[in-house]
Amino acid sequence: MSDLVAVAYVSSASHLLNEDELERLLLGARETNGAEQVTGVLLYNDGSFFQYIEGPPDGIDRVYKRIKNSSQHFGLMQLLQSSTTERNFKDWSMGFMRAPKSLVLRLAQASWDAMVSAREAKPNAGSGVTLLLAFWSKATKR
């Protein structure tokens, strides 16, 4: 498989989003991500966003530029931008979950200096990808 790029960031919503606004945001993201072959997940909690996206470098560049220029959030703090050879969220053009605030904070403070694939993730490891994968796996099995 060709090289991919992964990006993770946290940001604050410009205002608390209601269900209709979240749905519109997700529909737009899924459409754009599908066209760019980008996959990933978005977590939201009371005005706080966490997003992880992965895909081909050109697609990530275009999607991430759109994200950075969005007026729906501010204070974007990039946690990760790294090459990877494997997708962790290949089935999700943009998965979405409301996440506990404590998880969003833990993800923002986690170590993002090394990529980890779903096959390598250890349940209690401190890497951001490992925390995200553990949460996503548990939440989607319900």
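**Figure 1. Surface and overall make-up of the protein chain.** The protein chain exposes about 7,800 Å², and carbon and sulfur atoms supply 49% of that area. The model is predicted. Of the 142 residues of the protein chain, 46% count as buried. The chain contains four helices and five strands, which follow one another along the sequence in the pattern β-α-β-β-α-β-β-α-α. Among contacts between residues at least 6 apart in sequence, 77% join residues at least 24 apart.

**Figure 2. The packing of helices α3 and α4.** Two packed helices are described by the angle between their axes and the distance between the axes. Here helix α3 covers residues 101-109 and helix α4 covers residues 128-140. The angle between them is about 155°, and their axes are 8 Å apart. Angles over 145 degrees count as roughly antiparallel, so α3 is roughly antiparallel to α4. The crossing of α3 past α4 is left-handed.

**Figure 3. The residues between α3 and α4.** On the α3 side, the contact is made by L103, R106 and L107. These residues meet G128, L131, L132 and F135 in α4. By type, the residues of this contact divide into five nonpolar, one polar and one charged.

**Figure 4. The surroundings of W92.** W92 is found in the loop between β4 (73-84) and β5 (95-98). Its relative accessible area is 35%, so W92 counts as partly exposed. Leaving aside neighbours within four places in sequence, W92 is in contact with T39, G40, W136 and T140. N33 is 59 residues from W92 in sequence, yet their C-alpha atoms are 9.5 Å apart in space.

**Figure 5. Q37, a residue with positive phi.** Most residues other than glycine have a negative phi. Q37 is not a glycine, but its phi is positive, at about 60°. Q37 lies in the loop between α1 (19-36) and β2 (39-45). With a relative accessible area of 54%, Q37 is exposed.

**Figure 6. D46, in the loop between β2 and β3.** Strand β3 covers residues 48-55. The phi of D46 is near 40°, a positive value in a residue other than glycine. Is D46 buried or exposed? Its relative accessibility is 60%, so D46 counts as exposed.

Terms used. Residues numbered from 1 in each chain as written. Predicted model: local features only at pLDDT ≥ 70, side-chain atom pairs only at ≥ 80, totals over all residues. Heavy atoms only, no water. Axes fitted to C-alpha atoms, helices over the stretch in contact; angles between N-to-C directions. Helix = DSSP H or I, 4+ residues; strand = E, 2+ residues; numbered from the N terminus. Parallel < 35°, antiparallel > 145°, perpendicular 65-115°, else oblique. Left-handed = near helix turned anticlockwise from the far one by under 90°. Contact = heavy atoms within 4.5 Å. Nonpolar A, V, L, I, M, F, W, Y, C, P; charged D, E, K, R; others polar. Buried < 20%, exposed > 50% of the residue type's maximum accessible area, 1.4 Å probe, protein only. Areas by Shrake-Rupley, 256 points an atom, 1.4 Å probe, with all protein chains shown as cover.
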